[in-house]
Amino acid sequence: MPERIATIASRSGLHARPAALFAEAAGDVGVEVTIAMQGEPADEALDASSILSLMTLGAAKGDVVVLRAEGEGADAALDSLVKLLETDLDAE
């Protein structure tokens, strides 16, 4: 299963607007994507397209997360989502 590491760049972390934008993007990529804090077991990963899951994750600016996806297009989906997480979405 492909996975990527990303560092949260948004000033507010994955909360409010950044969480909504990321959840929408994760839901639009066409594959199921999970997210977890780095070091957490893969079976505890949360649905990346769920705003509630992202808020529960509690990722702050500078935290490192692991994204995983499976299926056709997973690598491209993960690449685009990493780029989004590593952008300060509060500044846009």
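Visitor: What joins the side chains of D88 and R11?
Guide: A polar contact of 3.1 Å. Bear in mind that this is a predicted model.

Visitor: Where is D88 found?
Guide: D88 sits in the segment after α3.

Visitor: What does D88 touch, leaving out residues up to four places away in sequence?
Guide: With those left out, D88 touches A9, S10 and R11.

Visitor: And S12, how far is that from D88?
Guide: In sequence, D88 and S12 are 76 residues apart. In space, their C-alpha atoms are 8.9 Å apart.

Visitor: Which backbone nitrogen lies 3.0 Å from a polar atom of the D88 side chain?
Guide: The backbone nitrogen of D90.

Visitor: New topic. How many residues are in the largest nonpolar core?
Guide: That core has 23 residues. The members touching the most other members are L14, F22, V33, I35, V65, L67 and L85.

Visitor: Which helices and strands each supply at least two residues of this core?
Guide: The helices are α1 (16-28), α2 (51-57) and α3 (74-85). The strands are β2 (32-37) and β4 (64-70).

Visitor: Which one gives the most?
Guide: α3, with six residues.

Visitor: Back to V33. What does V33 touch, not counting residues up to four places away in sequence?
Guide: On that count, V33 touches L46, D47, A48, L67, R68, A69, L78 and L81. One of these, L67, is also among the core members that touch the most others.

Note on methods:
Residues numbered from 1 in each chain as written. Predicted model: local features only at pLDDT ≥ 70, side-chain atom pairs only at ≥ 80, totals over all residues. Heavy atoms only, no water. Core = buried A, V, L, I, M, F, W, Y, C linked by side-chain atoms within 4.5 Å. Buried < 20%, exposed > 50% of the residue type's maximum accessible area, 1.4 Å probe, protein only. Helix = DSSP H or I, 4+ residues; strand = E, 2+ residues; numbered from the N terminus. Contact = heavy atoms within 4.5 Å. Polar contact = N/O pair within 3.5 Å; in protein donor to acceptor, adjacent residues only side chain to side chain.
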